[in-house]
Amino acid sequence: MLRRFWKRKKGASEVPRGDTANWTRWSEQLRNPTRHLTYDDFLSSYVYREGATISTMFSSDAEAEREKLSVPLQKSFTGPSYVLSAEVASARLSGLGLEGILRQMNAILGTERKLSTGMHALLHFCNHSFVDFGQAYALLRPRWHMDPSEALENIEMRRKEDQDLRSRALEEDVVVDPNIPPRRLWDLWSNRVVPFWVVQVGPFDEPRFWLAVSHSWAEETHRHGVASPINGHEWPVPIPKDTSLDLIRIELLNLVASFLSEEKRWMNWVRRKTSPLAERNLVWLDVLCLRQEGVPSNEVLRRAEWKLDVPTIGPIYSQARGIVYYFNGLGRSFEVSPTDKVNPRHWLNRAWTLQETRATIIVAGQSPSSPNVPKSVFLWGADDRKEWDRTRDASDNKVVKTLMTTFTECSSFGIWEMLSSMRQRSATSELDKIAGLIFCFNEFNPPLPAYIVGENPEDAWDRLIRATDRYYRGFIFFLFPETGNGKYVWYPSWQQINDIDVLPTGDCSMEGGINFDEHSNVYSLACYYIEHCLVEGLSEHAVHMDPSSRIGNVVVPDKDGEAHTFAITANHKTYASDGYYDLVGISPKSDGISHETRWVIALKADEGFVKKVTVVKFIGFETNEAMSVLAEKFGESTIRLL
């Protein structure tokens, strides 16, 4: 392969780096159908060419202004020649012409391709489809090793594959395939946001690699919409007023470069191959890659895209090779303040960042005054995790401790921890909070509910429960103490989630879960169902020191009519008047471990449905065992939940 040839020759003085002989030999191999050359092989033929420096343009006294930047990695980037400057990327194709495009590609990549009939067709496609050289470069660069006719076939194949994939992913208001790639990515080398099919050369079922950026949006008064050629001026890009897309790009280029050595170490740890060189230039950043407001004529298109694109934000972060974190706002330096923990705009307190908290951490905005935290960390690695924990424990800053603890705790969050965390976070609307839970609730259980702009939060919550994992639904039914006051009774409304003083904790063991029938819109549960049980001591009139730790009893008749009395407790403030109820219980997991079981006090409703009243626990191990033995004599039945 060419890479071996280059490694063999690169130390020889008679073969200078970037010499055309390298391209000639590569071309000969390209014409040999028995050879399989990848874009990574092709990159190795010019990766050693003289680099280019990317820096921000200042109005006057450039060096002095550049030195004022608080984040050193935003000052300039020096790297390979195939990273375009903003000026080169902005060159109009209409001014270059086909020969100008070819001449520019050859100059940048160190090649000598000719304007053949096939090349003419390929460049004509670019000239017809794109406005500037940056857009065309993003398409041509990963296919420059191909025969032009092969490249055109590949382009059409990938574009059709992308269209088909997105059309199949959404069925009415349900995302049936949440693991689709991002609609757009920011190609840092071309400095253009392009559709995924533009930068994806291989089939869509091949591994894809990108970095994602996590940040909190600045207040509306502190941000502005920037018209930018980076996204083709499709919408104003909302960024803080004290930064720029140029500064962000420069820092990301530097972070990616330093990330590569760390990635090799991490991938060795998990025994995975590093990503192809061709794909280390791609970034997903919401303000650039997710269509934003600001263009009234595109509002219908934005709403249509958001139905699919917002629910799949979680998978984008989950599948990202690494995540770049701006804790104080996009492009801003990483500083801490005592007010950060209560600042509704800080990264810690935003609804969307809950699903963006992952194990591969790249801290952006590092300045001389930034807190001492590891810059790149892979928390699944034992050594990195020790360093992370050691740094956190040694810090005397409460904000830093909270920030670092968030990353280690979120990975083990259950449904109640996620809900509790989301209740404390801030968002533009309650709808966004629910949307921020979509992937958290369904990471391993597609499909996902679509995002509908302007939808009533309660309707969005109902659709989220419908899509939620059946075990999570069981946890809600058996642990949340209140009767639901929304569309269904067995689970709480979103307002109840927000209003209850203390959310439940933990989970309950069950072999099955609560199932949903899409045709009848009915939830059902396979369970123990024991009718006509006398419950006493849990009403508001019962004398208790603490209403959240009431103790009562339940009289359960067996199949022979003999009564059995058990002590029960209610560790919540939901009352149940003395009287006769039905008991709903579940068979614990048969894993050899003794599990605490929960029971629901319920009433029969119309048409055979069961109405939840509240939840209780049986006190003591022996009581639980005795109740389980008694319940097994009744056997399991399937009930429909109101």
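Predicted model: local features only at pLDDT ≥ 70, side-chain atom pairs only at ≥ 80, totals over all residues.
Let me begin with strands S20 (residues 598-604) and S21, which pair in the antiparallel sense over 7 bridges; strands, as used here, are DSSP runs of E of at least two residues, numbered from the N terminus, and two of them pair if DSSP finds at least two bridges between them. Residues are numbered from 1 along each chain as its sequence is written, and side-chain values use heavy atoms, with hydrogens and water left out.

Within this pairing, Leu603 stands opposite Lys611 in S21, and the two strands form a hairpin with 4 residues between them, where Glu607 in the turn has a positive phi of about 60°. S21 also pairs with strand S18 (residues 563-570), in the antiparallel sense over 2 bridges, and there Thr569 stands opposite Lys617. With strand S22 (residues 636-641), S21 runs parallel, joined by 2 bridges, and Phe609 has Arg640 in S22 as its bridge partner.

How many residues of strand S21 are buried? The number is 9 of the 10 in residues 609-618, so the strand is largely enclosed by the rest of the structure, where buried means under 20% relative accessible area, exposed over 50% and partly exposed in between (1.4 Å probe, protein chains only).

Turning to contacts, meaning heavy atoms within 4.5 Å, Leu419 touches Leu437, Phe441, Trp461, Trp494, Ile497 and Leu503, leaving aside residues up to four places away in sequence.
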